[in-house]
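Work through the exercises below with the coordinates open. Each task is followed by a solution in steps.

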Amino acid sequence: MVDYKCVVKTLPKAFLGLGNEIPGKRSGKVRDWYSMPGGTRLMVTTDRISAFDRVLGAVPWKGQVLNQLSAYWNEATRDIVANHLISLPDPNVAIVRETRPLPVEVIIRGYITGVTSTSLWRRYSEGDRNIYGYDFPEGLEKNRPLPSPIITPTTKAEAGMHDERLTCAEVTSGGFVEPSTWKKVMEIALALFDRGRRMSEKAGVILVDTKYEFGLDDSGNIVLIDEIHTPDSSRFWKLDSYESRLAKGQEPEIFDKEFVRMKYVESGYRGEGVIPALPESVWAEASQLYQRAYEMVTGRLFEAGSYPVGERILENLESIGVKI
Ligand SMILES: Nc1ncnc2c1ncn2[C@@H]1O[C@H](COP(=O)(O)OP(=O)(O)OP(=O)(O)O)[C@@H](O)[C@H]1O
Ligand SMILES: [Mg+2]
C-alpha cells in the first residue's frame, strides 16, 4: 500500500484517462474503452470517481484497484458464470469480450441498511413492509442481515440520466429481459453473491450488497461483464469491528465508495449544482481505503503501478503489440 505522503504527492497526477493517442475512445463515468478487432474491447479503468451519477474527482490508484480486484473475482467465479475478461495488459487495462449488455443492473442486497430517503432501512423504519416488490417481516434491525438476499434491479440509464428501480416482475413484463434469460440471471447473481460473501467473510470483510451487469454473447450465452465485487459496485464493511460498533449504536466501518459520497453529503452537496471542493485529505484517505479494500479482500499486497499511468499504459500496449 502507498503511504499517505506519497498518495498526497500523487493527487495532481491522478489518472483521468488517455488523451487521443488511441482513436475511437468511448467513455463511461469511470471507464474508457476502445473497440478492437475480433469482437474484443480494450477497457481502461481510470481514477475517476462518480457519485450522484456525476464524476466528482479522481483518486490515485483507484483505477488499478478496480481493474485488479475485478480480475481477482472473475477468476474466483469462473465456475459459476462465463465472464468477459481475456487479459490484463496493464494494471489499469483489461482486454475483454464485447457483449450485448442487458439493459438492467442486477443489484443484490444481503443487509438492511442505507441512509438515503429511498434506502431499504429508511423505508422499513418508516413502516413500509412491501419494498421493491418484497414483503418484509417485522422486527428487522438496522445494518443486520436480511432473512435472505434480495435482488433489486434497476434500468441502465443513458449518460446523464438516473437509473430507475424495477421489481423483478417488471424486468420481464416490461420487456427488458426475456423471461428464461432473467431466470438464469437471477440464479447466477445469487450464486455469485453467495460466493462473494463467503470468500469476503474469510478475508475479514462483509460483502453487504453489490451490483452485477451481464451481457449476451453472439450465441446468446450469459456473460458477466463490467466489474465485480469492487468498492465502487459494492458496500464493504469491516468484519472485526462490526459487532462492537453496532453494540455501541455506531455505523459499521466502511471501505467503499460511500466514504467519498458521505463527505460530499456532509459538505451539503446532494448532487445538484456546483460541486464543492473537498480537502486533499479526503482524496488521500479514499485512495488508501481503496488500496486497503484490495489487500483485505484478496489477501494480496497491493503493488502500486507507476504514475503517470497514461504513458505506462501506452508502453505496455506497445510492448505486447496490441493493435487497436
Ligand atoms: N464486456 C462488455 N461488453 C459490453 N459493455 C460492457 C462490457 N463491460 C462493461 N461494459 C459497459 O461499459 C461501461 C463501463 O463504463 P463505466 O464503468 O464508466 O460505466 P458507468 O456506468 O458510466 O459509470 P458508473 O460505474 O459510475 O455507473 C458500462 O456502461 C458497462 O455496462
Ligand atoms: Mg460502471
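Two exercises follow, on the chain as a whole and on one residue.

This is a predicted model, in which local features need pLDDT of at least 70 and side-chain atom pairs count only at pLDDT 80 or more, while totals for chains, interfaces and linings use all residues. Residues are numbered from 1 along each chain as its sequence is written, and side-chain values use heavy atoms, with hydrogens and water left out.

**Exercise 1.** Compare the radius of gyration of the chain with that of a compact globule.

Solution. Step 1: the radius is taken over C-alpha atoms, and the globule rule is 2.2 Å times the number of residues to the power 0.38. Step 2: for 324 residues the rule gives a value near 20 Å. Step 3: the chain has 20 Å, so it agrees with the rule. Step 4: along the principal axes, the C-alpha atoms fill a box of roughly 60 × 50 × 40 Å.

**Exercise 2.** Determine whether Thr 45 is buried or exposed, and list its contacts beyond four places in sequence.

Solution. Step 1: Thr 45 belongs to strand E3, residues 40-45 (strands are DSSP runs of E, at least two residues, numbered from the N terminus). Step 2: its relative accessible area is 3%, so Thr 45 is buried (under 20% relative accessible area, with a 1.4 Å probe and protein chains only). Step 3: with neighbours within four places set aside, Thr 45 contacts Phe 15, Val 30, Arg 31, Gly 63, Leu 66, Asn 67 and Asn 92 (heavy atoms within 4.5 Å). Step 4: its C-alpha atom is separated by 12 Å from that of Arg 26, 19 residues apart along the chain.

Methods
Chains lettered and ligands numbered in written order. Helix = DSSP H or I, 4+ residues; strand = E, 2+ residues; numbered from the N terminus. Buried < 20%, exposed > 50% of the residue type's maximum accessible area, 1.4 Å probe, protein only.
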